[in-house]
Amino acid sequence: MKHVISADQFNKDDILEILNLAKKMDEILASKKVCKIAEGKILATFFYEPSTRTRLSFETAMQRLGGSVISTSNVNFSSVKKGETIEDSAKVLSGYADVIALRSPEIGYAARAAKVSAVPILNGGDGAGEHPTQSFLDLYTISKYFDLEKPLTVSMVGELICGRTVHSLSKMLRNFPNVKINFVAPEEIQIPAKYFHEGDKKFYELTDEILETSDVIYDTRIQKERIAPEVYEKHKNAFHFDVAKVSKMKPNAMLMHPLPRVTEISPEVDDLPQARYFEQARNGVPTRMALIAYVLGLEV
Ligand code: CP
């Protein structure tokens, strides 16, 4: 059975296969034709933490494939509130649904669920661990503008210590040796050692050189919910992207962000050609259609 738990599971061929599938799904969406390849299948979305994009794009994806969705409106209305373990929740849900999209509060929950589940688990973020399905949509977005096989500089900016999106994306980018990665953050919220590889660079402030030489800047929110209050207060305005700053980027460079943003990108930046974060969020639908088809073995 195929699960999507960690970026470690995927080699270059797997990644390219899923990106290619996402492209086909985008063509289906553009054609406006009704797709029924998942007719009769049920997706359960089980989210312990708030989400707009991951949950709703998974639910949209399943419905666009002709399947249906069951969900708890809020995990506080599920039996988690009464003390049910992730293992028991996964066992029960896998008796109801054909695939489960799970967002959990701690590292390792998705792997624990996968161990006991009778159906595929899609990790929609496990605490400060990983967010591999986000990485597929990030790579899909990048691949629309850049060839991942050619030299490319990706700078990951913001709160990197607990940033599950950058954890998974940096791992997936290791499959493309021509991609150079810069990690840009104050020391206290820098990338953990296990994600830093030989050849990567660390920066502690956002310099003009980084702005001018990056092909992709992947900005992230400083997660108030995961870091100590004094660290949050110290760094909450560490890097703010405004029009003046983004205008220093190359005209064809991309400013990405997994969203939600709070104060890190001015709304005026949205109109600049480098701003790709809403397109990135939209790409969650074809990418998650592809991931559902991949784990369920659906023919496109
Ligand atoms: N990018 C992302 O995971 O967004 P949500 O928290 O809204 O799902």
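**View 1. Domain 1 (7-130 + 283-296) and domain 2 (145-281) divide the chain.** These bounds come from an automatic or database domain assignment. Here you are looking at a predicted model, in which local features need pLDDT of at least 70 and side-chain atom pairs count only at pLDDT 80 or more, while totals for chains, interfaces and linings use all residues. Residues are numbered from 1 along each chain as its sequence is written, and side-chain values use heavy atoms, with hydrogens and water left out. The C-alpha centres of domain 1 and domain 2 are 25 Å apart. Their contact (heavy atoms within 4.5 Å) takes 21 residues from domain 1 and 18 residues from domain 2.

**View 2. The interface of domain 1 and domain 2 has five salt bridges across it.** A salt bridge needs a side-chain nitrogen of Lys or Arg within 4 Å of a carboxyl oxygen of Asp or Glu. About 1,600 Å² is buried between domain 1 and domain 2, and carbon and sulfur atoms give 50% of that area. Buried area is the accessible area (1.4 Å probe) that two parts lose on being put together, summed over both.

**View 3. Lys12 and Glu149 form a salt bridge.** Zoom in on the closest N and O atoms of Lys12 and Glu149, and you will find them 3.1 Å apart.

**View 4. Six aromatic pairs turn up in a search of the whole structure.** The Phe10 and Phe136 ring centres lie 5.0 Å apart with the planes at 85°, so this pair is edge-to-face. Rings of Phe, Tyr and Trp (its six-membered ring) pair if their centres lie within 6.5 Å; planes under 30 degrees apart count as stacked, over 60 as edge-to-face and the rest as tilted. Phe10 is buried at 5% relative accessibility, and Phe136 is buried at 0% (buried is under 20% relative accessible area, exposed over 50%, partly exposed in between; 1.4 Å probe, protein chains only). Ring pairs also bring in Tyr294, making a cluster of Phe10, Phe136 and Tyr294.

**View 5. Phe183 and Phe196 make a tilted aromatic pair, 6.0 Å centre to centre and 45° between the planes.** Phe183 is buried, with 0% relative accessible area, whereas Phe196 is partly exposed at 29%. The charged end of Lys202 sits over the Phe196 ring, 5.2 Å from its centre. Such a charge has NZ of Lys or CZ of Arg within 6 Å of the ring centre and within 35 degrees of the ring normal.

**View 6. Arg112 lies over the face of Tyr109.** Here the distance from the ring centre is 5.0 Å.
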